Amino acid sequence: MTGSEPALEARAVVAGYEPGLPIVQGASLAVRAGEIVALLGPNGAGKSTLVRAMAGLVAISSGQVRLDGLDITGWPAHRMAVAGLAFVPQTENVFARMTVEENLDLAGFRLDRAARRARARDAYELFPDLGRQRRLAAGRLSGGQRQMLAIARALVLRPRVLMLDEPSAGLAPRLVGLVLATLREVRALGVSILMVEQNVRAALAVADRAYVLAEGRERLEGSAAGLAGDPEVARLYLGAGATAPSSAGPA
Amino acid sequence: MIGPQDVVNGLLLGATISLGAIGVTLTYSILRFANFTHGDFITWGAYAALAALGLWTAATGGGIGQLGPLSFGWPLLGALLVAVAATALLALALDAVLFRALRRRGTPLALVIASFGASLALRHLLVFAQGPQPEYFTREISIARELLPGVRVTADQLVVLGLTAALVLALHLLLRRTALGRAMRATSENPTLVRVVGIDPDAVARATWVIGGALAAVAGVLVGVTVQVRPLMGFELLLPLFAAAILGGIGSVYGAVLGGLLVGLAEALAVPVVGAEYRAAVSFLVLVAVLLLRPQGLLGEPE
């Protein structure tokens, strides 16, 4: 809330899984306090790699990641969560063999028992379905409930910023709107949000602002309403990137 | 002929195998490699206790006493604690200088080979320092009593069973009821997600080494009490340990306990039939049979 610094910022981040083969090639973005920001782009644009790099799961070879102005570039993933940057991966984002309650307790392992109980109660208030099934193994929850659990667990440590990698992936269309609408409630708790999404329309319906990533860099940035009507967005999604040589294009 | 005495002997042998197999299975599921050094943790645990007892008797000028019908007294329990601490430290030291760097590079095969090399080094260091001859904690004898008709058990052996059961229960409570236990189970399920949740994977790894090393040390002291202490004692247990862990379902702590008891029983029941010289083959046959018939083990989950 200190004015000038964004809650979360990436500055010219270069990152990838193998040295010399960067997937993210100098991407910059910012999430201001209280914002929901969508990160869009065609398949292979580097969206997931960028958020995973910001979460400390992919090596960053140059550039900076800042959380509330603090340089957290290259911190190990487990310190990110404690510092206030939470992340919900796209797949396998709950511990399927452990109960709902144990999943929440895991995130609160630094807290004492009373605090853990309080955080779990808060989670069940936000997601009543989880409260009713707290003793159930997370693997037996429905797809939508798993996503809720993953979000609830990310909130246990009261993060400043929550990053989600395709929260709507694999969900029935009816649930996509429900899960994304939940993010508004999360924002109301004072958490800023950065989400990668393939489902452009649903994402722009929830987000305040969005970035469109292509070939590892941000190509467009604007208000959700503005981007929703932008022909350039449609063009990027057709796979014909602004300057891309089409050597590897589909036949 | 196989009699009830063989069943009891099998359970006693199985109890120590279980303690070792728990360490093997924890290392496999949490640190993700087959640790061949585990047998030598058992040996080093036994020798650490032997060294502690040596210091004690040298300092006090006395023996290690006798508690009731047992062959040993309180000093052995003190030596057991020293052995547990020393073996846990040995495991942590190996992790710090060897395993941690290899883990970061993500090559499970390199970890297995490194553990094989470490095992060789630890084993021969002991032969070099102590000589190959067997040693004993005490020359006293724990007298066997007839517990049931035809079943004779020494008080020492009852301690082995009781201590094993208590340790398994304690580990169960640790894994189910504590934050560390939850973190260990979570790491065995999804090591990446554990980091995302805010848990330091190296801290979980260290806890795993301490627990595995401590249980190995107890197993070593128990073998030392009921059999003898030799530089190869742990290495020779390695095959039964892996057979037990795989029979139970690698990664499953309860499977390791069950597998340990079954391998112990199989050895004890086979010896009167096939002869003691084929004892070591029993574990090998169990291992081959499990891998052929039920590779996920009794309590393991299919891949």
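Good morning. I begin with a pairing in chain A: strand β4, residues 60-67, and β5(A) run antiparallel to each other and are joined over 2 bridges. Within that pairing, Arg66(A) has Asp71(A) of β5(A) as its bridge partner. Please keep in mind throughout that this is a predicted model.

These strands belong to an open sheet of 4 strands in chain A, ordered β2-β1-β4-β5, with antiparallel pairing. Which strands stand at the edges of this sheet? They are β2 (24-31) and β5 (70-71) of chain A; each has a single partner strand, so one side of each is left without a neighbour in the sheet. Helix α1 of chain A, residues 47-54, lies across β1 (8-15), β2 and β4 of chain A, and its direction is at about 115° to β1(A).

Let me place this sheet in the chain as a whole. Chain A contains 10 helices and 10 strands. Its C-alpha trace spans about 55 × 40 × 35 Å along the principal axes. The radius of gyration of chain A is 18 Å, which agrees with the value near 18 Å for a compact globule of 251 residues. Of the 251 residues in chain A, 45% are buried. Among contacts in chain A with a separation of 6 or more, 67% are between residues 24 or more positions apart.

In chain A, 6 strands form an open sheet in the order β6-β7-β8-β3-β9-β10, and the pairing is mixed. The edges are held by β6 (85-88) and β10 (217-223) of chain A; each has a single partner strand, so one side of each lacks a neighbour in the sheet. From one strand to the next, the twist averages 20°.

One residue in a loop deserves attention. Ser168(A) lies between β7 and α7 (173-188) of chain A. Is Ser168(A) buried or exposed? With 24 C-beta neighbours inside 10 Å, Ser168(A) counts as buried. Leaving aside residues up to four places away in sequence, Ser168(A) touches Val176(A), Val179(A), Leu180(A), Glu197(A), Asn199(A) and Ala202(A).

Finally, the two chains together. The contact takes 20 residues from chain A and 15 residues from chain B. On the side of chain B that touches chain A, α6 (179-189) and α7 (191-197) of chain B are the elements giving two or more residues, and α6(B) supplies the largest share, 6 residues. By class, that side of chain B has 7 nonpolar, 3 polar and 5 charged residues. Among the buried residues of α6(B) are Arg182(B), Met184(B) and Arg185(B). The buried residues of α6(B) pack against α3 (100-107) of chain A and also against α1 (4-31), α5 (155-177), α7 and α8 (201-226) of chain B.

The largest nonpolar core has 177 residues, and those with the most contacts inside it are Met163(A), Ala49(B) and Val218(B). Val218(B) touches Leu19(B), Leu80(B), Val84(B), Leu163(B) and Leu167(B), again not counting residues up to four places away in sequence. Thank you.

How values were computed:
Residues numbered from 1 in each chain as written. Chains lettered and ligands numbered in written order. Predicted model: local features only at pLDDT ≥ 70, side-chain atom pairs only at ≥ 80, totals over all residues. Contact = placed C-beta atoms within 7 Å. Nonpolar A, V, L, I, M, F, W, Y, C, P; charged D, E, K, R; others polar. Rg over C-alpha atoms; globule rule 2.2 N^0.38 Å. Buried ≥ 20, exposed ≤ 12 C-beta atoms within 10 Å, placed from the backbone. Pairing = 2+ DSSP bridges. Axes fitted to C-alpha atoms, helices over the stretch in contact; angles between N-to-C directions. Core = buried A, V, L, I, M, F, W, Y, C linked by C-beta atoms within 7 Å.
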